[in-house]
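Please look through the chain shown here before reading the points below.

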Amino acid sequence: MDILACPMCRSFPLKLSVFEHREIHRPDKVRKCELYCGFHRGFVKDLAETECVRCYGFEVGSGLLECSSCGRWYPIVDDIPRMLPDDLRDRKLERKFVEKWQGRLPERVVAEVSQTRQP
Ligand SMILES: [Zn+2]
Ligand SMILES: [Zn+2]
């Protein structure tokens, strides 16, 4: 799984935390990570050659992507990383996400969403 860059500050890579994943078997679609591997948290050039063979057999159902440069975070919901700039973020979806994974999210993420909660 190659990790995308932060849509706001273009920082790369983002830190991936996986809350839910599935193993899928699609031998016809085996691909290796190309630049940065989110599962092994390393650049592909630094990893052993065989390590990324199984990465594409994983699908992240729910998780969190964090940008260490600007501090923004992006939820992965229903297998899809929601990488949107600030003005397009889906706050409703983010609240649901935070309620569900409260115990596993960094405190600052939980706090941020509580602050934007509408009355
Ligand atoms: Zn990989
Ligand atoms: Zn960023």
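1. Helix 1 (residues 91–101) lies across strand 1, strand 4 (58–66) and strand 5, and runs at about 80° to strand 5. Helices (H or I, at least four residues) and strands (E, at least two) are DSSP runs, numbered from the N terminus. Axes are lines fitted to C-alpha atoms, for helices over the stretch in contact, with angles running from 0 to 180 degrees between N-to-C directions.

2. On the basis of the model: this is a predicted model, in which local features need pLDDT of at least 70 and side-chain atom pairs count only at pLDDT 80 or more, while totals for chains, interfaces and linings use all residues. Residues are numbered from 1 along each chain as its sequence is written, and chains are lettered from A and ligands numbered from 1 in the order in which they are written.

3. The chain has two helices and six strands, and from the N terminus on its elements run β-β-β-β-β-β-α-α. Among contacts between residues at least 6 apart in sequence, 52% join residues at least 24 apart, where two residues are in contact if their C-beta atoms, placed from the backbone, lie within 7 Å.

4. Four strands form an open sheet in the order 1-4-5-6, with antiparallel pairing; two strands pair if DSSP finds at least two bridges between them. Strand 1 (15–23) and strand 6 (80–81) stand at the edges with a single partner strand each, so one side of each is left without a neighbour in the sheet.

5. Going through the pairs, strand 1 and strand 4 are joined by eight bridges, and Glu-23 stands opposite Phe-58 in strand 4. Strand 4 pairs with strand 5 over four bridges, where Leu-64 has Pro-75 in strand 5 as its bridge partner. Strand 5 (residues 73–77) is joined to strand 6 by two bridges, and the bridge partner of Ile-76 in strand 6 is Pro-81.

6. The hairpin of strand 4 and strand 5 deserves a separate look. Six residues stand between its strands, and Gly-71 takes a positive phi near 85° there.

7. Val-60 and Val-77 are 17 residues apart in sequence and 8.7 Å apart in space, C-alpha to C-alpha. Of the 119 residues of the chain, 20% count as buried.

8. Leaving aside residues up to four places away in sequence, Leu-64 touches Ser-17, Trp-73, Pro-75, Ile-76 and Leu-105.

9. The axes of helix 1 and helix 2 come within 10 Å and cross at roughly 135°. The contact is made by Glu-94, Arg-95 and Val-98 of helix 1 together with Val-109, Val-110 and Val-113 of helix 2.

Terms used. Buried ≥ 20, exposed ≤ 12 C-beta atoms within 10 Å, placed from the backbone.
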